[in-house]
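Thanks for coming. I'd like to walk through one chain of a model, so please have the sequence and the structure open.

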Amino acid sequence: MALPDLARRAASRPRLPSLASQRRVSLCETLDRVLNKGAVVAGDIVISVAGVDLLYVGLNLVVTSVETMRNWKPAGTPVRQPEPLSQEIRP
Amino acid sequence: MATTGRYLYGLIRTTEDVEFGDIGLEHAGARERVHTLVVDSVGAVVSAFSPKERLLPLRKNLEPHNEVLREVMKTTTVVPMTFGHVARSEAEIRKTLRRHRAAIGTQLDRVNGAVEMGLKVKWDVDSIYDYIVGVDPELAAFRDQVFGRSNAPSQNEKMELGKLFEDRLNRERDEQTDRVVEMFKESVREHRANVPKGEKVVMDLAFLVERDAQKAFEDRVFQVAGAFPAEYVFDYSGPWAPFNFVDLDLSMDVEN
């Protein structure tokens with residue numbers, strides 16, 4: 001099952017090792033760009049993978065529910081708290 | 001038999017073939033070699049991938065897409081493709097490049113020498129409702145009026161209060177976004193404000209920043225953050241390929 005797999009990974013502090021500054025970047029940030037933004041070719045010249053848009057809607061929901069669950073924390077149920085996904089600056 | 005299919009990561013300006021190493025999407029059990037297909041002065045960054053193979057937007061597929069773009073960005077400016085483009089052959093990609101030469105050139109010029117930086121600002125407060133009510137005495141007074149009486153508020157009153165709250169929240173977002181964008185004006189080439197996802201997200205911005213000015217941009221983030229009260233948390237990310245500054249839909253049958 002694709003979606004739960006992604007959701008689990010979303011909570012596990014993804015990291016892009018090629019980042020020189022070793023800043024953590026959330027999977028959400030990557031997903032948002034790689035799936036929603038960028039140049040698009042369609043038509044019969046190049047085949048776009050069908051269903052990506054639809055799947056993304058699903059992913060979004062799963063990622064959102066993971067966030068919600070994390071905030072929810074019912075008593076007695078340990079929920080792993082990921083470290084901040086990217087650099088946090090407080091004034 | 002090796003596939004003739006090609007996965008397309010992005011477009012760069014080059015007159016000769018460039019090799020980026022075996023960092024592409026996995027195909028037939030190994031990370032594929034990433035290289036360019038050059039037409040005139042535009043190079044398509046590709047690796048072998050069968051068009052018959054299923055390509056799901058899983059992390060194991062999405063990360064190579066982004067990693068390849070990062071690698072390409074080390075040496076040149078790239079116009080990133082959205083995830084999921086597979087052509088049946090190199091010839092198809094060359095044909096597309098030729099056909100859309102003008103549009104691709106315009107787009108490459110737009111982002112030339114720049115990278116994208118992301119900036120998300122959030123309210124670090126327990127309740128966004130209390131926070132917004134706290135910055136608006138009128139809203140607070142209305143809330144007290146609706147909930148302060150002995151009888152329970154009507155459905156209409158609750159809806160009206162909810163609407164007022166929503167409007168006030170969005171106004172606060174817009175005002176703070178304008179303020180932040182203004183403060184970055186001198187440090188960036190372009191900006192784009194995306195719709196905030198999440199109630200505590202104040203703004204979700206993308207900036208097109210000169211490649212050489214990344215450090216200055218980061219310093220600026222700290223300066224700007226310093227000008228805001230403690231409940232504003234600034235998260236920045238990047239450098240990214242300029243995903244938010246690509247306006248290139250090659251689906252139209254444009255003849256050049």
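In which sense do strand 1 and strand 7 of chain B pair, and over how many bridges? Strand 1 of chain B pairs with strand 7 (residues 78-80) in the antiparallel sense, over three bridges. Strands here are DSSP runs of E of at least two residues, helices are runs of H or I of at least four residues, and both are numbered from the N terminus. Two strands count as paired if DSSP finds at least two bridges between them.

A word on the source. This is a predicted model, in which local features need pLDDT of at least 70 and side-chain atom pairs count only at pLDDT 80 or more, while totals for chains, interfaces and linings use all residues. Residues are numbered from 1 along each chain as its sequence is written, chains are lettered from A and ligands numbered from 1 in the order in which they are written, and side-chain values use heavy atoms, with hydrogens and water left out.

Now chain B as a whole. Its secondary structure comes to seven helices and twelve strands. Of the 256 residues in chain B, 52% are buried, where buried means under 20% relative accessible area, exposed means over 50%, and partly exposed is in between, with a 1.4 Å probe and protein chains only. A contact means heavy atoms within 4.5 Å. Among contacts in chain B between residues at least 6 apart in sequence, 74% join residues at least 24 apart.

Back to strand 1, residues 6-13. With strand 7, B:G10 stands opposite B:P80. Strand 1 also pairs antiparallel with strand 6 (residues 42-48), and seven bridges join those two. There, B:R6 stands opposite B:A48. The pairing with strand 8 (residues 85-87) is antiparallel too, over two bridges, and in strand 8 the bridge partner of B:R6 is B:A87. Why is strand 1 of chain B largely enclosed by the rest of the structure? Because seven of its eight residues are buried.

Next, helix 1 of chain B, residues 59-73. Its 15 residues reach 21 Å from first C-alpha to last, close to the 21 Å expected at 1.5 Å a residue; the expected span is 1.5 Å times one less than the number of residues. Helix 1 is mostly covered, with twelve of its 15 residues buried. Among the buried ones are B:R59, B:E63, B:H65 and B:R70, along with B:L62, B:V68 and B:L69.

Some backbone details. B:A28 is not a glycine, yet has a positive phi of about 50°. B:A28 lies in the loop between strand 3 (26-27) and strand 4 (30-31) and is exposed, with a relative accessible area of 74%. B:D40, also not a glycine, has a positive phi of about 55°. The loop that holds B:D40 runs between strand 5 (34-39) and strand 6, and B:D40 is partly exposed at 46% relative accessible area. The peptide bond from B:G238 to B:P239 is cis, with omega near 5°. B:P239 sits in strand 12 (residues 232-240).

Last, is B:M203 buried or exposed? B:M203, in strand 11 (residues 201-210), is buried, with a relative accessible area of 1%. Its C-alpha is 5.8 Å from that of B:K120, 83 residues apart along the chain. Not counting residues up to four places away in sequence, B:M203 touches several residues, including B:K120, B:V121, B:T177 and B:P196.
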